[in-house]
Amino acid sequence: MLAVSAVLVLALTGFAWRSVDNLIANIDRIAGLGLGGARDGAVDILLVGIDSRTDAHGNPLTMAERAMLHAGDEVGTNTDTIVLIRVPNDGRSATAISIPRDSYVDIAGQGKAKINSAYGSTKETERSKLLAKGTSAADAERESTKAGRQALIKSVASLTGITVDHYAEVSLLGFVLLTDAVGGVEVCLNNAVDEWMSGADFTAGQQRLDGRQALSFVRQRHGLQRGDIDRIVRQQVFMAQLVSQLLNAKILANPGKLSEISEAVGRTVVLDEDWDVLAFLQQLQDLSGGEVEFETIPVADLNAMTSAGESVVKVDPKTVQDYVAGLVGEKREPAGEEPKVDPSTLTVSVFNAGGTAGLAAAVSGALTSKGFTEGLVGNYSGGSVSSSRVLAADPDDPKAAAVAKVLGGLTVIADSSLSADSVSVVLAGDYSGPGSAAGGLFDFGQTSSPTATPIPPAPPIDAGQNGPKCVN
């Protein structure tokens, strides 16, 4: 958002398009992400804040930079900020929709997991495979990074029902450098905070934050009443204030500032190769700060737990898709009737890949009670599995989908070794559907448990208000 806002303001303030072009030319580009191409009447941009200890070109950060980020030394590429920005083709408005990083969703090839792990875990899995095949370290890094980005794009599209047209990625360091380049951003806190994990140490009231302080401000979630949801609100008010400051002050019509921003963008921002940013900016010339709104998807349970004891945010894809469709002015047609499935025509084998004794037999019994034919029952011998899944010759087979639904909405994954009239169920430590001790309370197609903490959508935050909105 910082990078896009910077070049947008240059256009709106009448600065030379040549200067904008020079700024964009410094940005690293990536190809082959399988993006949509704005065929649905709007440009949908996936904006990702990546928790990386390297710059956009893969170069390690210096020790001083790592210390400044207050981000620790762990190695990974989690995407801790995920925002889907929708801009109609007339360029007169924009809606930024935040997705909680711990949303428990289907991830292609992995089953259910937190959405912020889609990039990093897919990348590491693919990198290991490539290295085992003898691929060079550099090529393995490049190809696995692309696979991670593709997995995140697919996960967001599946959750929201929106096809992603363009991809923008900014690192932790980029956030700091870009904030400093625009002279800091005004924020307002309802209460003073002092939280060591994020480095957030601020007084109550309005204050201007530099890049390092701003990073702590938008990363804090511990010590906040609603955890990640309150962190998202902080991110949104920060971005709204940034957009407002940029659109109402010609601070970028300055060669010195442009040079500083250009250097920061070139080192820390990644865009997809097919994005004609100049043409996109020309669509936005009628955009004003008040026409940028920030929303958050509805949450079914903020404090959900898997059977393995992992804390996650429970979201219902249909509810999210209906909500997003309403935000972007689309009508979702009622889904047609599901294909009729005769369960007796499908043989279901159940294998236990977790540590719960007797689980496979219990789940098999639950399936036979629904009319499915019992297959093999026993322990799984196919290696370590992190999430439960249904294996089928055709992952779109209605029969496989019926089994997945009965078991609480498991992911269906292709397995060419199976016949068309059989499926296999692999149960990992996360399983909590029928046959488990949890009794199906963690059924993603059903209502939450009585102790759930749902978070309905809040009023949107817009970039046209006077001064920063005060938040927790």
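Two strands are taken to pair if DSSP finds at least two bridges between them, and the helices (H or I, at least four residues) and strands (E, at least two) are themselves DSSP runs, numbered from the N terminus. The structure is a predicted model, in which local features need pLDDT of at least 70 and side-chain atom pairs count only at pLDDT 80 or more, whereas totals for chains, interfaces and linings use all residues. Residues are numbered from 1 along each chain as its sequence is written, and side-chain values use heavy atoms, with hydrogens and water left out.

By these criteria, strand 5 (residues 103-107) and strand 6 (residues 111-114) run antiparallel and are joined by 4 bridges, with I107 placed opposite G111 of strand 6. The two strands form a hairpin with 3 residues between them, and G109, in the turn, has a positive phi of about 80 degrees.

An open sheet is formed by 8 strands in the order 1-12-7-2-3-4-13-21, with mixed pairing. Strand 1 and strand 21 (461-462) stand at its edges, and because each has a single partner strand, one side of each is left without a neighbour in the sheet. The partner of strand 1 is strand 12 (residues 269-272), to which strand 1 is joined in parallel by 3 bridges; within this pairing, I30 has D272 of strand 12 as its bridge partner. Strand 2 (residues 42-51) pairs with strand 3 in the antiparallel sense over 10 bridges, and V43 stands opposite V87 in strand 3. On strand 3 (residues 78-88), 8 of the 11 residues are buried, where buried means under 20% relative accessible area, exposed over 50% and partly exposed in between, computed with a 1.4 Å probe on protein chains only. Strand 3 is also joined to strand 4 (residues 94-98) by 4 bridges, again with the two strands running antiparallel, and I85 stands opposite A96 in strand 4. The hairpin of strand 3 and strand 4 has 5 residues between the strands, and its G91 takes a positive phi near 65 degrees. Residue I97 has its C-alpha atom 9.1 Å from that of L327, although the two residues are 230 apart along the chain. L327 is placed in helix 11 (residues 317-327), and its relative accessible area of 25% means that L327 is partly exposed.

Pockets were identified on a 1 Å grid over the protein atoms alone: a cavity is a set of points where a 1.4 Å probe fits but cannot get out, a pocket is an open set with protein on both sides within 12 Å along at least five of seven lines, and lining residues have an atom within 4 Å of a point. Grid points are joined across faces, edges and corners, and a volume is the space filled by probe spheres set on the points. The second largest pocket holds about 860 Å³ of space and is lined by 34 residues, of which T54, G58, K123, E141 and T145 lie nearest its centre. Two or more lining residues are given by each of strand 1 (28-30), helix 4 (118-132), helix 5 (137-160) and strand 7 (166-171), and the largest share, 7 residues, comes from helix 5. The lining has 9 nonpolar, 10 polar and 15 charged residues, with Ala, Val, Leu, Ile, Met, Phe, Trp, Tyr, Cys and Pro counted as nonpolar, Asp, Glu, Lys and Arg as charged, and the others, Gly among them, as polar. Helix 5 also contains R142, which at 48% relative accessibility counts as partly exposed. The C-alpha atoms of R142 and K123 are 9.5 Å apart, with 19 residues of separation in sequence.

The structure holds 2 aromatic pairs, defined for rings of Phe, Tyr and Trp (its six-membered ring) with centres within 6.5 Å, where planes under 30 degrees apart count as stacked, over 60 as edge-to-face and the rest as tilted. F175 and F238 form a tilted pair, at 5.2 Å centre to centre and 35 degrees between the planes. Because F175 lies in helix 6 (residues 172-181) and F238 in helix 8 (residues 228-248), this pair ties together parts that are 63 residues apart in sequence; both F175 and F238 are buried. The rings of F202 and F217 have centres 6.3 Å apart and planes at 65 degrees, so this pair is edge-to-face. With F202 in strand 10 (residues 200-202) and F217 in helix 7 (residues 211-219), the pair ties together parts 15 residues apart in sequence, and F202 and F217 are both buried. R234 lies over the face of F217, at 4.9 Å from the ring centre, a charge being placed over a ring if NZ of Lys or CZ of Arg is within 6 Å of the ring centre and within 35 degrees of the ring normal.
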